[in-house]
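Please examine the sequence and the structure shown below.

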Amino acid sequence: SRILVLGLAYKRNSGDVRVSPVPVFCDRMAALGADVHAVDPYVARDQFPSSAVPTELTEAELRAADLVVVTTDHDSFDWRLVVRSAPRVLDTRHRVPADDHVEYL
C-alpha cells in the first residue's frame, strides 16, 4: 500500500520534529511493507525519516496514495485539493472538510 503522510512536525505551522511521533509512525508503516511518502513544507528534507520519500502535495501524489494520513494540520496545506483528490483520508486532526466522494476512516 502507498501511504501519503501530511505533516511530520509536532505542531501546526512548525518544523519541529524533535518530539513528534510521526517519524516513528512512518518507520512502522514501512516496516510493515508500506510505500510511505511524506509532505511537510516546514521540515528540512534531511530531517525526514529514511522510511519516507519526501514529496510535494500535488493532485498526482494524492491520487497515487491508497491512504492519506493527516498527522499535522499545517495551514499551508490545500485542504480542498486533499478532498478533491484523495481516495481515502485518515484525518487525525479533524481538518479535512467532509465531502461525499472521500472515504473517511
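## Lining of the largest pocket

In this predicted model, the lining of the largest pocket comprises 7 nonpolar, 3 polar and 1 charged residues. Among the lining residues are Tyr10, Phe25, Leu90 and Arg93. The volume of the largest pocket is about 160 Å³.

## A network of salt bridges

Side chains of opposite charge can pair when their charged atoms come close. The structure contains 8 salt bridges. One of the pairs is arginine 12 with aspartate 73, whose closest N and O atoms are 3.0 Å apart. This pair links distant parts of the chain, 61 residues apart: arginine 12 belongs to the loop between strand E1 and helix H1, and aspartate 73 to the loop between strand E4 and H3. Arginine 12 is partly exposed at 43% relative accessibility, whereas aspartate 73 is buried at 8%.

Aspartate 73 also forms a salt bridge with arginine 95, with the closest N and O atoms 3.8 Å apart. Arginine 95 lies in the loop between strand E5 and strand E6, so the pair ties together parts that are 22 residues apart in sequence. Arginine 95 meets aspartate 75 in a further salt bridge, at 3.1 Å from N to O. Through shared partners, salt bridges join Arg12, Asp73, Asp75 and Arg95 into one network.

## Leucine 81

Leucine 81 is part of helix H3, which spans residues 79–85. Its relative accessible area is 9%, and because buried means under 20%, leucine 81 counts as buried. Leaving aside residues up to four places away in sequence, leucine 81 touches Leu57, Thr58, Glu59, Leu62 and Ala86.

Key: Residues are numbered from 1 along each chain as its sequence is written. This is a predicted model: local features need pLDDT of at least 70, side-chain atom pairs count only at pLDDT 80 or more; totals for chains, interfaces and linings use all residues. Side-chain values use heavy atoms; hydrogens and water are left out. Helices (H or I, at least four residues) and strands (E, at least two) are DSSP runs, numbered from the N terminus. Buried means under 20% relative accessible area, exposed over 50%, partly exposed in between (1.4 Å probe, protein chains only). Contact means heavy atoms within 4.5 Å. On a 1 Å grid over the protein atoms alone, a cavity is a set of points where a 1.4 Å probe fits but cannot get out, and a pocket is an open set with protein on both sides within 12 Å along at least five of seven lines; lining residues have an atom within 4 Å of a point. Grid points are joined across faces, edges and corners, and a volume is the space filled by probe spheres set on the points. Ala, Val, Leu, Ile, Met, Phe, Trp, Tyr, Cys and Pro count as nonpolar, Asp, Glu, Lys and Arg as charged, and the others, Gly among them, as polar. A salt bridge is a side-chain nitrogen of Lys or Arg within 4 Å of a carboxyl oxygen of Asp or Glu.
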